[in-house]
Amino acid sequence: MIYKIIILLLISTSTLYAIQNPQKLGHHYNSNKHNEQTYARPLQAREVMHSPTDFQSHNTGHNGTTLTWDHPYNSAQKFNYQIYRNQILLTELPSSQKAFTDSYLQPSQSYMYEIYAVDENGWRSSSIKLNVQTKKNFAPIMQQTIGSIELYRNTQLNTEIHTFLAKDPNKDILSYKLKGQDREFFSIDARSGILVNKKYLMRDKEYKLNIQVSDGTSFVETPFSVKT
């Protein structure tokens, strides 16, 4: 029993302070939480972990932004960066990486980012904060108005009937989709907007359809018909 006590006394209390889960919120610089107890790191055991510098946002749109930063340490040194968005851990990156693109934001929203430098033992620097405001999203715009498409001859299957064109003010990738009561007779290429018939069409008939163009956040929808 005496030997066990001696061994325990020989173990530096600083061992407890090195136990940290940097993935968890609530850990602060030079403090630790272990077994539901918070420990302060002894002054003599503290090592300064410098904070990142020049934390900025670039190319902020309605659904994303690119973050950049610097650090006084050499990128070959072993430490990581932790980035939080609205107090939730977003990513952990190696010291060699000094840029990150966050592509899952909502339009017209304010976000608060924090970045920490974290050493090999999990000790963090003080945080650097950055507020980012995303831009407003605008719906796609149809570049031409087509009320009716008339076919003057019999069409074979998969005949190109029309190409729909739209543009997006935010320069998002657009997706085309068919709707309407007669959509089963036709198909449209989601990227190019090319409309084809996937079934044989009857003569002297009006097929009623809607064309919907989406940027992933908002959409525009326009009715049209195909007359044979």
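Colleague: What is the strand order in the open sheet with antiparallel pairing?

Modeller: This is a predicted model. In it, 4 strands form an open sheet in the order S6-S5-S8-S9. The pairing is antiparallel.

Colleague: Why are S6 and S9 said to stand at the edges?

Modeller: Strand S6 (88-94) and S9 each have a single partner strand. One side of each is therefore left without a neighbour in the sheet. On average, neighbouring strands here are turned by 25 degrees against each other, direction ignored.

Colleague: How do you know that S5 and S8 pair?

Modeller: Two strands pair if at least two bridges are found between them. Strand S5 (residues 80-85) and S8 are joined by 6 bridges, so they pair by that rule. They run antiparallel. Asn-80 stands opposite Val-118 in S8.

Colleague: What makes S8 and S9 a pair?

Modeller: The same test, which asks for at least two bridges. S8 and strand S9 (residues 128-133) have 6 bridges, in the antiparallel sense. Ile-115 stands opposite Ile-128 in S9. Ser-110 has Gln-133 as its bridge partner in S9.

Colleague: Why is strand S8 called mostly covered?

Modeller: Buried means under 20% relative accessible area. In S8 (residues 110-118), 7 of the 9 residues are buried, so the strand counts as mostly covered.

Colleague: Which strands make up the open sheet with mixed pairing, and in what order?

Modeller: There are 4 strands, in the order S11-S18-S17-S14.

Colleague: Why do S11 and S14 stand at the edges?

Modeller: Strand S11 (148-150) and strand S14 (175-179) have a single partner strand each, so one side of each lacks a neighbour in the sheet. Neighbouring strands of this sheet are turned by 30 degrees against each other on average, direction ignored.

Colleague: How do you know that S14 pairs with S17?

Modeller: At least two bridges are needed. S14 and strand S17 (residues 206-214) are joined by 5, so they pair. They run antiparallel. Tyr-176 has Val-213 as its bridge partner in S17.

Colleague: Why is Leu-174 called buried?

Modeller: The cut-off is under 20% relative accessible area. Leu-174 has 10%, so Leu-174 is buried. Leu-174 lies in the loop between strand S13 (166-167) and S14.

Colleague: What does Leu-174 touch, not counting residues up to four places away in sequence?

Modeller: Its contacts include Pro-140, Ala-166, Lys-167, Ala-190, Arg-191 and Val-213. Ser-192 is 18 residues from Leu-174 along the chain, and their C-alpha atoms are separated by 9.0 Å.

Colleague: How many cavities of 30 Å³ or more does a search of the whole structure find?

Modeller: The search finds 1. About 30 Å³ of space lies in the largest cavity.

Colleague: What makes that space a cavity?

Modeller: A 1.4 Å probe fits there but cannot get out. Among the lining residues are Met-142, Gln-144, Phe-164, Ile-211, Thr-222 and Phe-224. Strand S18 (residues 219-227) gives the most to the lining, with 3 residues.

Colleague: How do the residues of the lining divide into nonpolar, polar and charged?

Modeller: There are 6 nonpolar, 2 polar and no charged residues. Met, Ile, Phe and Pro count as nonpolar.

Definitions and conventions:
Residues are numbered from 1 along each chain as its sequence is written. This is a predicted model: local features need pLDDT of at least 70, side-chain atom pairs count only at pLDDT 80 or more; totals for chains, interfaces and linings use all residues. Side-chain values use heavy atoms; hydrogens and water are left out. Buried means under 20% relative accessible area, exposed over 50%, partly exposed in between (1.4 Å probe, protein chains only). Helices (H or I, at least four residues) and strands (E, at least two) are DSSP runs, numbered from the N terminus. On a 1 Å grid over the protein atoms alone, a cavity is a set of points where a 1.4 Å probe fits but cannot get out, and a pocket is an open set with protein on both sides within 12 Å along at least five of seven lines; lining residues have an atom within 4 Å of a point. Grid points are joined across faces, edges and corners, and a volume is the space filled by probe spheres set on the points. Axes are lines fitted to C-alpha atoms, for helices over the stretch in contact, and angles run from 0 to 180 degrees between N-to-C directions. Contact means heavy atoms within 4.5 Å.
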